Amino acid sequence: MNKVPHLDILTVSALYPPHIIGGAEIIAAAVDEGLQRAGNDIFVLSTSTDAAMRTDTLSTLDNGVELNRLAMPRPYTALNYAPHPAWQ
């Protein structure tokens, strides 16, 4: 029987749960959780969404994924956007 190798996996995502504004963050977290359950070590590199989160420290989420949020300048504020009507 072939054994699947253990992997160290890095996910890079501008946003990551619990900070969600679209589907990409949800999919990234779901894939990471599945890979972690399969026995891999998952590390996530994401950006800070506000000044209070800009600690540049590593934390472990409840699902076992290690998350590091980096403080970096952004051309937009991810969670401070005004929704537009569908026709715009």
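1. Pro 5 lies in the segment before β1, where helices (H or I, at least four residues) and strands (E, at least two) are DSSP runs numbered from the N terminus. At 54% relative accessibility, Pro 5 counts as exposed; the cut-offs are under 20% relative accessible area for buried, over 50% for exposed, and partly exposed in between (1.4 Å probe, protein chains only). The C-alpha atoms of Pro 5 and Gly 39 are 9.0 Å apart in space, and the two residues are 34 apart in sequence.

2. A note on the model and its numbering. This is a predicted model, in which local features need pLDDT of at least 70 and side-chain atom pairs count only at pLDDT 80 or more, while totals for chains, interfaces and linings use all residues. Residues are numbered from 1 along each chain as its sequence is written, and side-chain values use heavy atoms, with hydrogens and water left out.

3. Overall make-up. The protein has one helix and four strands, and from the N terminus on they run β-α-β-β-β. Of the 88 residues, 26% are buried. Among contacts (heavy atoms within 4.5 Å) between residues at least 6 apart in sequence, 55% join residues at least 24 apart. The protein exposes about 6200 Å², 61% of it supplied by carbon and sulfur atoms; accessible areas come from the Shrake-Rupley method with a 1.4 Å probe, and for residues only the protein chains shown count as cover.

4. The core. The largest nonpolar core has eight residues: Ile 9, Tyr 16, Ala 28, Ala 29, Ile 42, Val 44, Val 65 and Leu 67. Two or more of these residues come from each of α1 (23-37) and β2 (41-47). Such a core is a set of buried Ala, Val, Leu, Ile, Met, Phe, Trp, Tyr and Cys residues joined through side-chain atoms within 4.5 Å. In soluble globular proteins, nonpolar side chains tend to be buried together. Not counting residues up to four places away in sequence, Val 44 touches Thr 11, Tyr 16, Asp 32, Val 65, Glu 66, Leu 67 and Asn 68.

5. Asp 32. This residue lies in helix α1 and is buried, at 2% relative accessibility. Its contacts, not counting residues up to four places away in sequence, are Thr 11, Tyr 16, Ile 42, Val 44 and Val 65.

6. Glu 25. Helix α1 also holds Glu 25, which is buried with a relative accessible area of 8%. Leaving aside neighbours within four places in sequence, Glu 25 is in contact with Leu 15, Tyr 16, Pro 17, His 19 and Ile 20.

7. Arg 69. Strand β4 (residues 66-70) contains Arg 69, which is buried with a relative accessible area of 9%. A polar atom of the Arg 69 side chain lies 3.1 Å from the backbone oxygen of Tyr 16. For the backbone oxygen of Pro 17, the distance to a polar atom of the Arg 69 side chain is 3.3 Å.

8. Surface patch. Leu 10 is in strand β1 (residues 8-13) and is exposed, with a relative accessible area of 55%. Together with Val 12 and Phe 43, Leu 10 forms a nonpolar patch on the surface, with about 290 Å² of accessible area in total.

Methods:
Patches are made of residues with over 30% relative accessible area and no salt bridge: like charges are joined within 9 Å, nonpolar side chains (Val, Leu, Ile, Met, Phe, Trp, Tyr) within 5 Å. A salt bridge is a side-chain nitrogen of Lys or Arg within 4 Å of a carboxyl oxygen of Asp or Glu. A polar contact is a pair of N or O atoms within 3.5 Å; within protein, one must be able to donate a hydrogen and the other to accept it, and residues adjacent in sequence count only if both atoms are side-chain atoms.
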